[in-house]
Amino acid sequence: MFGSSVKMAFASVTSNKLRSFLTMLGIIIGVIALVVLVSITTSATSTITDTISSISTNSITVTITDDKDKPLTLSEMDDITALDDVKAAAPSATSTANVRNGSDTETTKLTGTTASYQSINGVELASGRFIRSADVTNHSNVAVINADTARDILGCYNTSQAIGQTISLNGIPYTVIGVVKQSDTTIMSGSSYEAYVPFTSLERLSTTVREVTSFVAAPKSDSVSDKAQQEINEYLLARFSNDSDAFSVINMKVIADTLNKVTDVMALMLGGIAAISLLVGGIGIMNIMLVSVTERTKEIGIRKAIGATEGSIMLQFLIESLVICLIGAVIGLVISAIIIAAINAFTDYTFWLDARVCVIASVFSIGIGLLFGLYPARKAARKDPIEALHYAG
């Protein structure tokens, strides 16, 4: 009986293709809205989260705005590292320098730091090594450059060829000891030419860097990130006369967690708005199904007269409603995939269909078919066979 009901449902849907398409149009639009909006939000969230993770979510950034005439020194980084829940700390001073490019002069961004910076901020190298403690102690003129600098300034398309070569920063020769991976150059934002140098070397090279005004720290684990932040905050309060305005402490893990919460709420909100479109489509299905029941009153009477039960008639109309919703959902998913592909093709962004959202949209469509097809199906099943046979239309 179920098989024949399915065949009759498909026959009914395909007998009036235009009306069936217009009926399922609300479901199609609802599925597209739900899948595309939520998939884009999920993809964007994942991309942003990966970007933050590449910088390291397990880090705390501190900026000194008022040193109270008692500047933070490089040796005090050891005091901060000695805090109970702090694993490492490293200064992060920034400046610029002129770098020779043949007969031209380019500007490069410099970050003065120590060995711990690499592990704290997750800097990955394509070749060579990062700054070591000995480089800082000896005020060595060594530099870890990015791939753009290696390629354009030194002419090295193979990063390993740059190791050991010399670049001129403000007329002072620096030996290249490492090259940062291309994907990690976003860690040093700004100009296309960037380099890490020992903090003590940057103090000599720059006219503005004389003390530690910014540093990064890493907690011993994610679970003690808040405790590490609190310890650093208390240390700096004691250091700067209990003036909380003298410095700012930013916990990247808190930012990442907040971002995830915000994007989850956005996805839920967009999903809810899109789900309303599906409900509107369901109302359209119920209206058309009621019209279909009225048009097929005599058919219902004949079926009842030859022995069809209320259950079989109800099942037939309910299956018709489900068929319309399922076909609409499939079309909606196909169009959603095309839209996502088109966005990827014509923009620099990369989005993907969220499989969970596709499943949710399909299940929701089935639910819409059952919910809004139930009343027309019950109305058809409960028709009196004698009145149905006498129905003139």
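Q: In which sense do strands β5 and β8 run in this predicted model, parallel or antiparallel?
A: Let's start with strand β5, residues 125-128, and strand β8, residues 172-180. Three bridges join the two strands, and Gly 128 stands opposite Gly 178 in β8. The sense in which β5 and β8 run is antiparallel.

Q: Which residue in the turn between β7 and β8 has a positive phi?
A: Strand β7, residues 166-169, pairs with β8 in the antiparallel sense over four bridges, and Ile 167 stands opposite Tyr 174 in β8. The two strands form a hairpin with two residues between them. With a phi of about 55°, the turn residue in question is Asn 170.

Q: Why is the protein described as more spread out than a compact globule?
A: The protein has 13 helices and 11 strands. For 393 residues the globule rule gives 21 Å, and the radius of gyration is well over that, so the protein is more spread out than a compact globule. Its C-alpha trace spans about 105 × 50 × 30 Å along the principal axes. The radius of gyration behind this description is 33 Å.

Q: How far apart are the mean positions of the positive and negative charges?
A: The protein carries 28 positive and 35 negative charges.

Methods
Residues numbered from 1 in each chain as written. Predicted model: local features only at pLDDT ≥ 70, side-chain atom pairs only at ≥ 80, totals over all residues. Heavy atoms only, no water. Rg over C-alpha atoms; globule rule 2.2 N^0.38 Å. Lys, Arg positive; Asp, Glu negative; His and termini not counted. Charge placed at Lys NZ, Arg CZ, Asp CG, Glu CD. Pairing = 2+ DSSP bridges.
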